[in-house]
Structures are given as C-alpha cells and as structure tokens.
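Student: I would like to go through this structure and ask what stands behind each label. Please set the values against the definitions as we go.

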Amino acid sequence: MPAILGYCRVSSEEQAAHGISIDAQRDILNGYAAMSQSTIRIFEDAGFSGKNTNRPALQQLLAAVRAGGVSAVVVWKLDRLSRSLRDTLTMIEDVFQPAGASLVSVTESIDTSTPSGRMMLNLLASFA
C-alpha cells in the first residue's frame, strides 16, 4: 500500500505560541490520515524558515518520495511546505509527480491529483 507522508513546520517559537504549533499541525495530519483510512509518516522542522528548502526534515521527506511508494504528501497549509512559488512548483514537478505522489493541503482543499486542485495550487502558491 502506498504511503502518505506529512510535513509540519514552524519558523519560530513565537509562531508556535501564537500561530499553529507543530503539535496542532501533526494532529490535523493524523486526522486526515484517519479519515482516509491510511497511515502517515510525519516529518517536522521546527525553527526553520520556508523561504528555501534547506531544512533537514524536508530533505528527508523529499528523499523518501524519490525512493518511491508514496501516494501523497500532506500539509496543513501550503506555506508550511514552502513560501516560494518556485520551490513549491519544483518539488511538485521534479520530485512528487515523477514519483507518482500528489500534494494535498488539508485546509486549502488542494490535491494536485485533480485538475481543480492544480489550479488552486497555482493561485495559493502565488500568495504563500
């Protein structure tokens, strides 16, 4: 059975305290997995900016996708994956799609396995 991978990130302690914490993001991703009757492996980067992809857990997630057997990468919100449209599209086009994995944003109704999800991705990534 293909795996679902989750990714959580906060940039700072202040964001964790006043935004949505890693724990809250993890709970949301686990809820998504339970609803889809799947198991999920979650990767977490605390204290890392989304302005680039130089994050340890993100690099581990990308390596796991490249290794195969992943059906989807799930995030709480698109900007947790990246704040760069270029980086987001590069991950999708160069890593996720060739490996047969879609990107799902739980709160933004993005699922790149569907045409409407790909359209929403392009709109929301522009603002991330």
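**Labels and their cut-offs**

Tutor: Leu 58 sits in helix H3, residues 56-67. Helices (H or I, at least four residues) and strands (E, at least two) are DSSP runs, numbered from the N terminus. This is a predicted model, in which local features need pLDDT of at least 70, side-chain atom pairs count only at pLDDT 80 or more, and totals for chains, interfaces and linings use all residues. Residues are numbered from 1 along each chain as its sequence is written, and side-chain values use heavy atoms, with hydrogens and water left out.

Student: Why is Leu 58 called buried?

Tutor: Buried means under 20% relative accessible area, exposed over 50%, partly exposed in between (1.4 Å probe, protein chains only). Leu 58 has a relative accessible area of 0%, so the residue is buried.

Student: Which residues is Leu 58 in contact with, leaving aside its neighbours within four places in sequence?

Tutor: Contact means heavy atoms within 4.5 Å. By that criterion Leu 58 is in contact with Tyr 7, Asp 45, Thr 53, Leu 81 and Met 91.

Student: What makes a set of residues a nonpolar core?

Tutor: The members are buried Ala, Val, Leu, Ile, Met, Phe, Trp, Tyr and Cys residues joined through side-chain atoms within 4.5 Å. The largest such core has 22 residues, and Tyr 7, Leu 61, Val 65, Leu 81, Phe 96 and Leu 103 have the most contacts inside it. H3 gives the largest share of this core, six residues. Another core, of eight residues, lies apart from it and includes Cys 8 and Ile 22.

Student: Why do strand S2 (40-46) and strand S5 (110-111) stand at the edges?

Tutor: Two strands pair if DSSP finds at least two bridges between them. The open sheet has five strands in the order S2-S1-S3-S4-S5, with mixed pairing. S2 and S5 each have a single partner strand, so one side of each is left without a neighbour in the sheet.
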